[in-house]
Every structure is written in structure tokens, then in C-alpha cells.
Amino acid sequence: MNKRKGILSFLPYLIVVGILSFLFGTSLFSKGASIKTYQDLKTKLPTLTITDVEIETYHTVYDVKGTARNDKNEKVSIAVTVPYTQDQIKDLYAILEEKKVNIITVDGTQKITFGAVLSTLITPVLMIGLMMFLMSRMSGGNQAMEITKSKARREENVKTRFNDVAGIDEEIEEVKEVVDYLKNSGKYRKMGARIPKGILLVGPPGTGKTLIAKAVAGESNVPFYSISGSDFSEMFVGVGAGRVRSMFKQAKATAPCIIFIDEIDAVGLKRGMKISGSEDQTLNQILVEMDGMDENNGVVIMAATNRADVLDPALLRSGRFDRQIKVSLPDKKGRHEILQVHAKNKNIDEKVDLEYIAKRTPGFSGADLENVLNESAILAIREDRAVIESKDIDEAIDRVMMGPAKKSRKYSDEEKKLVAYHEAGHAIIGLKLPDAPKVRKITIIPRGDAGGYNLMLPEEEKYLATKKSLEANIVSFMGGRIAEELIFDDISAGASGDIQEATRIAKYMVTLYGMSSLGPIQYVDTSNMYTTMGDSSLSGYSESTARVIDEEVRKIIQSSLEKARTVISENMALLHLIANTLIEEETITEEEIENLVKYGNIRGETISETENQQA
Ligand code: ADP
Ligand code: MG
Ligand code: ZN
């Protein structure tokens, strides 16, 4: 049986080489040595003097043709087809460049020659040959080519520790048991204690899922195998499955260890959500490997995803990823701790208050915060400073939040005025309406998609929103639109983001929080909120109820709009003051806003001081 397989796996290989040599006129039977495989080329290259080489690139393969002389000064012809995988191609170029060979690269798909026509005809044949070859490799052939070998990265002596993961202590508590297991798997085996085989980390991007998995490996001092679901999206059917198999094989041989599958949703989507069928094979292989693993073989599999609800239920069944750990965005305290971790190796000005930065960055993930500190370091370097200052961090936060400032985009004066009043409108609500989020910073410098923006924050970070604070939030969103209306007697499309947010809050108040005349009845299935929100047929309420919900939402928005109109109308002088300052300064900070309110100028000078200066 083995023998037959050997021949089988060799056959397509022969076909490929045969076709190639026919195509490029390098007959198999020509005199002198010839190199026809990538491996061969790689091993012999050091001894060769290459006279010329041409690389033709196709979508799936690179054809390398050339002539060379070996150490005995015999002519050697090269005709190698390298399947297109990044690593091999990079390798090849690196080797050739090191030899200072003049490489001519030709886009094979663009060549309109007889050969090209022929090769397009033959490409399908070639593909089939390659595919057969790969399939035969999958069923355990020799090691001639490495394409199905696991692309998994294997790290030993991982340096990451729990200390490097900040602000998510509860999640760390949950994985500590795994560390103990990996360190003493013998003890567990003796006791017959079962440990979860698969742990699924679920949370938004950048919240430290990879970091936790790595820290577990680091703390237990075991090898860390990692692979990403997106690595599997290969062009050849079956390659992904082959990789999974070889990764598990390697891992079992080096147990105790951790296998980490990132972006598992890329292969583990629910049936019916997949793009191609090849993910199925990969997913099945993962399941087969997990099921086939001994209870206590010391391999712990961790996986990460942004959303668990799109995953194939088969993955979550008992004995597979039956333990889920939710990793959420850090709160203020968490952000402070994360900033401290990443500030350790940076030279930051003593005056910089990390806690205040944490307060200013709600919704930022750990990765965003790390990014902020990194960006600010770059900004400092750009100005030849050795110390990171507050202004660097300010700029970095804005960059991370909205993308780099579009300094080149110019406003017309009219537009600038409109944006200034719009943002000032939001600010007034924050300043004058109790419970409304306070404004920390306003700018009319366009960033990303947003025209200007207001950084608003509630006084204290709130875990439980009250009806009053939610209403105040909506009023604050309406502030921009009302300011436009009052000043320009016209309204702009710039408020669409505000309207969207306000509507969302109002809908939640009615359907989720029971804060309307409908009473405390939940009209959305929170377990499936994304699909049922606003779709009455799915959420199980009648059409008449749907109408009432719409009515209630409208009422909330309407009364908030009125409230905003009242508050701003009562504070027109301050509105003009803030808007005009914005037009002048483009950005004003919290302190400057306070000064505006108290002293009428951003520097916080009292009238007499100003007079003194003028005198
Ligand atoms: P995820 O895998 O959840 O997308 P990562 O673990 O890859 O996120 O995080 C990316 C980077 O962000 C980390 O390397 C680290 O520098 C930083 N980071 C994210 N979360 C944290 C955290 N909780 N504590 C410290 N650093 C963090
Ligand atoms: Mg990650
Ligand atoms: Zn707005």
C-alpha cells in the first residue's frame, strides 16, 4: 500500500516536470546537469555560478529558468516551478540576490507570445497536476515539498507573562488553572482530573486575546504554536486541512504545549455563511483532531474570535471549545493599567497624567492604547525630543481615534463656521444640562470621515445608565443640529452620525430598558440583538406594538429636540463665544472651555489682567 502511494505521489510530479520541460525546451534527456526542483535548486545554489536567470510569474506558480555553471565548470540548466507561497518566493529572491544575480522578472500572465498562449492552455493541466500532487502529499507522502507543512509558528521560551496583560484580571484568573495544568500535567493525569481541552477567547479586536494565550504559554514555559484562521484561506482545497493535521502532530510530539488558533471564525463559520467549501475541510480537520486527542495529553487549544455567535455550533460542543472566556474593552481603570504597562519602557514627561489619559479614551482597546503611546513616541522623535510630552499624546489620541489629521483638506469659511456652531451646540448642552456628558475637547479640524468632533464624557464612567442620563445624552446629540438651525436657519447632513446614535439610544430605552409608556417589557431578544433589532417579525411582537414603539421613540427624540432648543436659546451668548473661539483656535481643550465660561477667554485671564497687559 505504501509503495503504491509512493508511485502515485510521484506521478503528477512527473507530469508537471514533463510539461514544463516540454514548454521551455529543456528536455529531460538533454546533456549536462539540470535542476528541476526547488529543493534541488536550494541545496545546489551555493556551488553554482549563475549566468542568467529569468523568473516568470503566474498567479499560482513562479517559473524560474536559467543557465549556470557548477564547480566543475559544467553547464547546468535550471527549470524550476515554485508554487506561489510567500515564504518560498521570498526565500528564492533572497538567495538569488545574495549571489548578486541579475534577475529578470517577467509577468507571465502578460506575455502575449506563442509560449504564453500555450501555457494558458496548459495551465489547467498544470494546476490539476499540482493539485493531484498536493492531494497525494496530504495522504502522507514524502517531504519533497513543504507546502502542506504547518505554517504554524512555533515559539519556545515565550517571554510574555501575566504581568504584561493589564486591566483584565478576571479573565486571567480563569486561565490560571490552565497554567497549573500545563506545569503539572502528570499530577492531573494521575488524579484523572479533566481540564478543558479547548478555550475560546471572545472579544473585540485588540483587547489582548492573543496576549493572554501567549502569557499562558510564557507562564507555563511551554511551546506556543500559533496559526491564524485567515492563513487557511489558501487556493488549494485540502491544504488547510493538511496544515491542521501536521500542526497537531507536531504539537502532540512536544506536549505539554499550547495551540492557538487566531481568527477561528475564518474557518469556523456556521454552515451557510461560508464563501467556499475549503473551510469546511479545515474545520472538520480541527474537529477530528480535537476529538481524537487523549483526555490528558498535555495539549491545550486556545482560539480567539471577535464574535462567537457566528461560529459553527459543532465547534462549541462539549469536548471541543466548551469553555468561553469573554474579553471586553477595558474600563477606565483597565485603561490606566494598560497605559502604565506600556509606559514602562518609554520616556514620558512627569507632567503627563496617565489616569487622565485613561479617562479621555473610552472605547479604546489595549491595542489602541499601545498604539497611542507608540505614536506619541514617534511624534516626539520627529521633533528631536527625548521625552514624550502631553501634546504628543493628545495628537496621538486624535490620530488613533480618527486617523491622521487631514491638514490638507480646506474648509470654506462658511463650512468652518457651520461646523464650529454645530460642535459648540453640543458643548453648550454638556455645560448647561445636568446629567449630559461633559465636553472634554472640541475640534473642527477634520479627521477621518468626521467633519469636526466633540470628545464628550460623562462625569463618572457609568455602568448603569439612568433614564435621565440617557435622555440627557440624546439632548446632547441634538445640540449640534439645533445650533445649526438657530444660527443658519438651515440644517446640514453633518448631523447624521448624531441622529443615528440618538435613535439607537431611544430605541434601547423603549425596547430594552422599559423606559417608556410601554412599560418594562423587553421587545428585543438581546441574545440575538443584531438580527432582530428593528425587525418586528423576528422579535415576536405584533405590528401594532411596533407602531407604538416607533411612536415612543419619536416622542423621546422630539422632546429631546425641544429641550436642546430651549437650553441653547437660553445660552446664545456662550454659543457665539465658543463657536467664534473654535473658528479662531480650531481646537479647544477642557480647561480652555472652562475658562471661556468663567472668564470669557481661553487663557483664564480676568478682565483686569487683560487691561493690565494692554496698559
Ligand atoms: P487581540 O488578539 O485581542 O486582537 P492582541 O492580544 O493581539 O489583541 O493585542 C495587541 C496588542 O495590544 C498587544 O500586543 C499589546 O501590546 C496590546 N494590548 C492589548 N490588550 C492589552 C492588555 N490587556 N494589556 C496590555 N496590553 C494590551
Ligand atoms: Mg490577536
Ligand atoms: Zn454632531
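Modeller: Start with ligand 1: one of its oxygen atoms sits 2.8 Å from a polar backbone atom of Lys209. This is a predicted model, where local features need pLDDT of at least 70, side-chain atom pairs count only at pLDDT 80 or more, and totals for chains, interfaces and linings use all residues. Residues are numbered from 1 along each chain as written, chains are lettered from A and ligands numbered from 1 in written order, and side-chain values use heavy atoms, without hydrogens and water.

Colleague: Why is the pair of Lys209 and ligand 1 called a polar contact?

Modeller: A polar contact is a pair of N or O atoms within 3.5 Å. The Lys209 pair is at 2.8 Å, so it qualifies. A polar side-chain atom of Thr210 is 2.6 Å from a ligand 1 oxygen, so that pair qualifies too. For a backbone N or O atom of Ala367 the value is 3.4 Å, therefore within the limit.

Colleague: How do you know how much of ligand 1 the protein buries?

Modeller: Alone, ligand 1 exposes 550 Å², and the protein buries 80% of that. Areas come from the Shrake-Rupley method with a 1.4 Å probe.

Colleague: What makes a residue part of the shell around ligand 1?

Modeller: One of its heavy atoms must lie within 4 Å. Around ligand 1 there are 16 such residues, with Ala166, Gly206, Lys209, Thr210 and His342 the closest.

Colleague: Which domains supply at least three residues each to the shell?

Modeller: Domain 2 (153–326) and domain 3 (332–402). Those bounds come from an automatic or database domain assignment.

Definitions and conventions
A polar contact is a pair of N or O atoms within 3.5 Å; within protein, one must be able to donate a hydrogen and the other to accept it, and residues adjacent in sequence count only if both atoms are side-chain atoms.
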